[in-house]
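Have the model open while you read.

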Amino acid sequence: MTTHTSRMLILGSGPAGLSAAIYGARAGMKPVLVQGIQPGGQLMTTTDVENYPGFADVIQGPWLMEQMQKQAEHVGTRLMYDTIVEVDLTRRPFRLIGDGGDVYEGEVLVIATGAQAKWLGLDSEDALKGKGVSACATCDGFFYRGKKVAVIGGGNTAVEEALYLTNHSPDVTLIHRRDTLRAEKILQERLFANERITVIWNKEVRGFVDGGGMAGLVALDLEDTVTGEHSRLDVDGGFVAIGHHPATELFRGHLELDSDHYIKVETGTTRTSVPGVFACGDVMDKVYRQAVTAAGTGCMAALDAERFLAEVDFESAHTAVAAE
């Protein structure tokens with residue numbers, strides 16, 4: 001068993017965690033970043049990235065994360081390949097334990113464990129991810145300009161995705177397995193008032209139809225939840241919008257979470273309910289969920305952490321002088 005110590009400990013290696021590492025390293029905090037179960041975060045499973053500032057041409061998600069990782073290492077971040085299984089946030093330095101027994105201690109902790117989109121769990125869905133099937137309209141809607149798309153779900157996320165897609169598509173279908181939506185009333189009113197959106201009730205997606213070759217998704221196989229009857233809906237894109245899972249299981253009982261299990265932070269900051277612990281990226285953001293906003297909150301977390309340590313150092317020095 002090895003103990004790794006640092007002024008700044010970061011958990012998670014997506015855009016949020018790596019941005020926090022870059023800023024933390026440049027501030028002299030010598031960060032240790034534990035990469036977790038999915039190094040690079042959700043962008044490692046994203047092909048074309050067209051909305052990250054600074055790149056005129058389409059770039060690949062894995063390439064972007066590789067560049068951010070190299071930058072973090074270049075400025076002095078230590079990257080550790082481990083999966084944390086236990087945390088102790090009751091005292092500083094905070095203590096995390098990896099599945100192999102290694103211990104990680106940090107005077108401040110930045111949590112950037114992200115969130116994962118919920119999927120339907122169909123084999124055809126998995127086979128067509130990135131080939132017509134997506135879980136992020138804001139990320140991928142641009143690729144369906146003038147095409148027919150469908151959104152699957154009935155909550156706020158699904159309605160917001162459908163409304164957003166009307167910016168690109170003249171033909172948006174919302175598919176819901178029940179006969180009423182769970183979304184907020186104001187969102188429903190906007191949905192029903194939009195002439196570009198059609199709602200199909202009492203239908204479940206049972207399969208995503210592959211057109212073969214380079215075609216990708218060409219249709220959805222639907223089953224009526226009342227009659228069991230099957231039907232086909234021809235589409236160019238299918239957006240699964242049934243929610244997200246924030247990766248906060250480790251922190252339940254240790255930090256204050258909201259009703260959807262996202263980490264609560266003070267408004268306008270990344271400060272959590274435990275002083276010295278900061279959260280950034282999709283683990284605390286259920287509204288925007290973009291690589292660029294995750295990176296921005298990663299920067300915020302590093303700056304918040306630096307200020308926290310500066311205050312702690314000042315108070316310690318002041319106490320020591322007063323005791324002499």
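What follows is a short tour of an open sheet, the pieces around it, some aromatic rings and one threonine.

This is a predicted model: local features need pLDDT of at least 70, side-chain atom pairs count only at pLDDT 80 or more, and totals for chains, interfaces and linings use all residues. Residues are numbered from 1 along each chain as its sequence is written, and side-chain values use heavy atoms, with hydrogens and water left out. Helices (H or I, at least four residues) and strands (E, at least two) are DSSP runs, numbered from the N terminus.

- Start with the open sheet: 5 strands line up in the order 10-17-11-12-13, and the pairing is parallel. Two strands pair if DSSP finds at least two bridges between them.
- Strand 10 (133–134) and strand 13 sit at the edges with a single partner strand each, so one side of each has no neighbour in the sheet.
- Strand 11 (residues 148–152) pairs with strand 17 (residues 237–240) over 4 bridges, in the parallel sense.
- Strand 11 also pairs with strand 12, again parallel, over 5 bridges.
- Strand 12 in turn runs parallel to strand 13 (residues 197–200), joined to it by 4 bridges.
- You can follow a row of residues across these strands: Ile152 has Val240 as its bridge partner in strand 17 and stands opposite Ile175 in strand 12, while Ile175 stands opposite Ile200 in strand 13.

**Strand 12 and its crossovers**

- Strand 12 (residues 171–175) has 4 of its 5 residues buried, so the rest of the structure largely encloses it. Buried means under 20% relative accessible area, exposed over 50%, and partly exposed in between (1.4 Å probe, protein chains only).
- To get from strand 11 to strand 12, the chain goes through helix 5 (residues 156–165), and this β-α-β crossover is right-handed. That label applies if, with the strands pointing away from the viewer, the path from the first strand over the helix to the second runs clockwise.
- Strand 12, helix 6 (residues 185–193) and strand 13 make a right-handed β-α-β unit too.

**Aromatic rings**

- Searching the whole structure turns up 5 aromatic pairs. Rings of Phe, Tyr and Trp (its six-membered ring) pair if their centres lie within 6.5 Å; planes under 30 degrees apart count as stacked, over 60 as edge-to-face and the rest as tilted.
- One of them is Tyr52 with Phe55: the centres are 6.5 Å apart and the planes are at 40°, so this pair is tilted.
- Tyr52 is buried at 17% relative accessibility, whereas Phe55 is partly exposed at 31%.
- Ring pairs link Tyr52, Phe55 and Trp63 into a cluster.
- Tyr144 and Phe239 have ring centres 5.6 Å apart and planes at 80°, so they are edge-to-face.
- Tyr144 is in the loop between helix 4 (137–140) and strand 11, and Phe239 is in strand 17, so the pair ties together parts 95 residues apart in sequence.

**Thr269**

- Look for Thr269 in the loop between strand 18 (244–246) and strand 19 (277–279).
- Is Thr269 buried or exposed? Thr269 is buried, because its relative accessible area is 12%.
- Its side chain reaches the backbone nitrogen of Arg271 at 3.0 Å.
- Leaving out residues up to four places away in sequence, Thr269 touches Met300 and Asp304 (contact means heavy atoms within 4.5 Å).

Terms used. A polar contact is a pair of N or O atoms within 3.5 Å; within protein, one must be able to donate a hydrogen and the other to accept it, and residues adjacent in sequence count only if both atoms are side-chain atoms.
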